[in-house]
Amino acid sequence: MLYSVIGYYSLILGLCFSLILIFFSVRNFKNSKLLDTKILSFTFLQFFFVVISFLSLVLSFIFSDFSNETVFNNSHTTKPLFYKIAGTWGNHEGSLLLWLFVLTLFILIFLLRSKNQPTKYKILTLVFQQIIIIGFFVFLLKTSNPFNFLFPAPEEGLGLNPILQDPALAIHPPILYLGYVGSSIIFSSSLAATSLNLITKSWATHIKKWVLISWIFLTLGILLGSIWAYYELGWGGFWFWDPVENVSLMPWLALTTLLHCILVLEKKLILTSWVIILSISTFTLSMCGTFLVRSGILNSVHTFANDPERGLFILIFLFSLIFLSLFIFFFFHKTNKDTSASFFWLSKETSIIINNWFMMYFLSVVLIGTVYPIFLDVLSSQKISVGAPFYHKLIIPFLIPFLLMMAIGPKLKWIKSNLEDKIYLIILLAISILLSFLIVKNFDTNFLLNTILISSALYLFLITLRDFFIRKNNNISQNIAHFGFSLLIVSILFNNLFSTEIITNLKVGETFKSENTKIVFEGLNQRKEKNYQSIIGNFSIQNSKGKIENMLPELRIYNQPNIVTSEADIKTTLISDKFIVINLVQSKDYFNIRYQVKPFMIWIWFSVVLISFGGLISFIKKKV
Amino acid sequence: MYGRKVKLRFLFVVVILITLVLSVFLVLKSLEENVVYFQSPSEINTSSELDKKKIRVGGMVKKDSISITANEIKFIITDFKNEINVTYTGAVPNLFEEEKGVVAEGFLKDRNYFSATKILAKHDENYMPPEVKAAMGEK
């Protein structure tokens, strides 16, 4: 009760500070000398109140204060402490409060870290950021107040959806939001720089850090979600082209493109308008992601029950932000005519631009596949879904030139260059074609396409691998990230080609036999935990070489809410994952069993970690 | 005539336009081919022509209709007006239960038989797929 009151009024105070900040900034914009410390302290106070508000929600969850509606809907006294805390952002209201928390945190850090930037630029960035912050404050207070009272206070809460009670998913939202919200700083800052005509090389260096930090978090956030989906949903895969996954991929694509363009801008001061457009669209896509996931519009298997009316608010807010940014872009942006002259087709910037095209193409494919069903539903009330074949068909063929450009591009120099050590490039290409030919030969899949695909992925792999050893003027961060990407693509390709799956229904004691595999359902064990009961299946699985492995997939029957979840049992080795998941069908004697052998799973995770590690190194290292 | 720079820029614009047109064409074409339509048992029953393509059927799993053998699961999807028999080989999601909403993806054999290739999972016991909700709303 007490916490709710404190939390609620802190939010209102925080909103007041937004208004005060905007008022001061606009009034003293012209003579901005005195403003610095004042603005900093107000921003700090705003952050402080949002923290108080956030903490009081966390405390309400920890102490299971069911007079708070959000706590009542999403918590339960028997839940472990860790998930009580994680439950804070496992719901709509709490996750928006987390957004707000990160928004205010980032603007504070921004002000602290950019002491030597022009004051006007700082103030303008702050104003744009405050506009976003106000939007979120109003949204939170008007439509999704996390501190609503319930009277009389219920004895017990409804509990958190059990599939969210998982360590990976507990930290997934904060990490992902750090990425999403980081793009808000890029958005505000590029708008401020545009209005003041400040898009320069030094601005690029300064904003690059923010691009990197949000890119790293977004990458890791997507990774966590993907790992969670792999072992918790029991679908035996890591990416399903589900709308909720797509909306996190879209800002990532835009942000990755932006990252590369910023590098060009930093060196050459070209592509300025493109950088601004990308900054705007990255943030817009992040907002869209939140909107689509939270409004319940998306027809997704991930969807959780929620309230569509909230969608309208975000939609209006989103459109006013887009309108504002386009207005600023068209009226304030001046292109520097003289710089666009020195272009040569065989140069680093050309290859980056070409890869930008591909990225934009991938982005539009994902965008269309995600929103087309929504539009069709609105226009003709026809219900459709767009599945993996659509994306595969449109994306995979274009991966080949994309990978080749990625392999050769970094070998080029800025402005004008000849390819260095051509012989090596050709030898490596020959090796990768030969290798992939030998690999694909033994499998009667789509031969030509797979050979070319694997060759180009291997090519990038070999080239980046070689770069670790030879280059003097080594751009180690780029090298690591590109190496990680090639590893990712190679692993995904092998994973897709060589995965095997057995799905069958078995009773206890029965045996399934196929050519290479024998699955024996040995028995069942039961165990009782604090908030769930688990049934553990005991399987022994014999592969073609006669090696027997024991696997223990689990079914958890949660008591509040009463939901069954499957916990897959996964045996990971460097070469492949063995994955088994069971399900009980309508309390009959049969268990539905899915057993998969998936090669190179661990390398998929590892490569994404490598990619973000590349970003981290670039973030840490001093300017070269 | 025109300078080198203008020519280059012109070429640039043309290339952009061509790629744009090409990608729009590709996207539309593969949308047409790969989109999966959703139908309720009643719509299937009243439709003049049977869909040959992959579709989704949604509704409630009828009470006492699930039967299971070693390699097959059979059940009935109903929207309380019409129903359709479904046979399925594959993995089922956690919340697949009688008298709960379900969406099955697969091919129609005839008006009364549907052979599913996938059954879609939901995450939330309160959540009802919008299509199913709409299909039920018509009752």
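**Exercise 1. Determine how helix H16 and helix H17 of chain A are arranged in this predicted model.**

Solution.
Step 1. In chain A, helix H16 spans residues 476-498 and helix H17 spans residues 601-620; their axes come within 8 Å and cross at roughly 165°.
Step 2. Angles over 145 degrees count as roughly antiparallel. H16(A) and H17(A) are therefore roughly antiparallel to each other.
Step 3. The crossing in which H16(A) passes H17(A) is left-handed.
Step 4. Sorted by class, the residues of the contact of H16(A) with H17(A) are 16 nonpolar and 9 polar, with no charged residues.

**Exercise 2. Carry out the analysis for helix H7 and helix H8 of chain A.**

Solution.
Step 1. Helix H7 of chain A covers residues 167-195, and helix H8 of chain A covers residues 201-232. The two pack with their axes 8 Å apart, at an angle of about 155°.
Step 2. The cut-off of 145 degrees applies here as well, so H7(A) is roughly antiparallel to H8(A).
Step 3. H7(A) and H8(A) cross in a left-handed manner.
Step 4. The contact of H7(A) with H8(A) comprises 20 nonpolar and 9 polar residues, and no charged ones.

**Exercise 3. Decide whether the radius of gyration of chain A agrees or disagrees with that of a compact globule.**

Solution.
Step 1. Chain A has 624 residues, and for that number a compact globule would have a radius of gyration near 25 Å.
Step 2. The value for chain A is 26 Å, which agrees with the expectation for a globule.
Step 3. For the dimensions, consider the box filled by the C-alpha atoms of chain A: along the principal axes it is roughly 85 × 80 × 50 Å.

**Exercise 4. Describe the secondary structure, burial and contacts of chain A.**

Solution.
Step 1. The secondary structure of chain A consists of 17 helices and 11 strands.
Step 2. Of its 624 residues, 47% count as buried.
Step 3. Consider the contacts in chain A with a separation of 6 or more: residues 24 or more positions apart account for 73% of them.

**Exercise 5. Describe chain B under the headings of secondary structure, burial and contacts.**

Solution.
Step 1. Chain B contains 3 helices and 7 strands.
Step 2. Along the sequence, these elements of chain B follow the pattern α-β-α-β-β-β-β-β-β-α.
Step 3. Chain B has 139 residues, of which 35% are buried.
Step 4. Among contacts in chain B with a separation of 6 or more, 58% join residues 24 or more positions apart.

Terms used. Residues are numbered from 1 along each chain as its sequence is written. Chains are lettered from A and ligands numbered from 1 in the order in which they are written. This is a predicted model: local features need pLDDT of at least 70, side-chain atom pairs count only at pLDDT 80 or more; totals for chains, interfaces and linings use all residues. Axes are lines fitted to C-alpha atoms, for helices over the stretch in contact, and angles run from 0 to 180 degrees between N-to-C directions. Helices (H or I, at least four residues) and strands (E, at least two) are DSSP runs, numbered from the N terminus. Angles under 35 degrees count as roughly parallel, over 145 as roughly antiparallel, 65 to 115 as roughly perpendicular and the rest as oblique. A crossing is left-handed if the near helix is turned anticlockwise from the far one by less than a right angle, and right-handed if clockwise. Ala, Val, Leu, Ile, Met, Phe, Trp, Tyr, Cys and Pro count as nonpolar, Asp, Glu, Lys and Arg as charged, and the others, Gly among them, as polar. The radius of gyration is taken over C-alpha atoms; the globule rule is 2.2 Å times the number of residues to the power 0.38. A residue is buried if 20 or more other C-beta atoms lie within 10 Å of its own, exposed if 12 or fewer, and partly exposed in between; C-beta atoms are placed from the backbone. Two residues are in contact if their C-beta atoms, placed from the backbone, lie within 7 Å.
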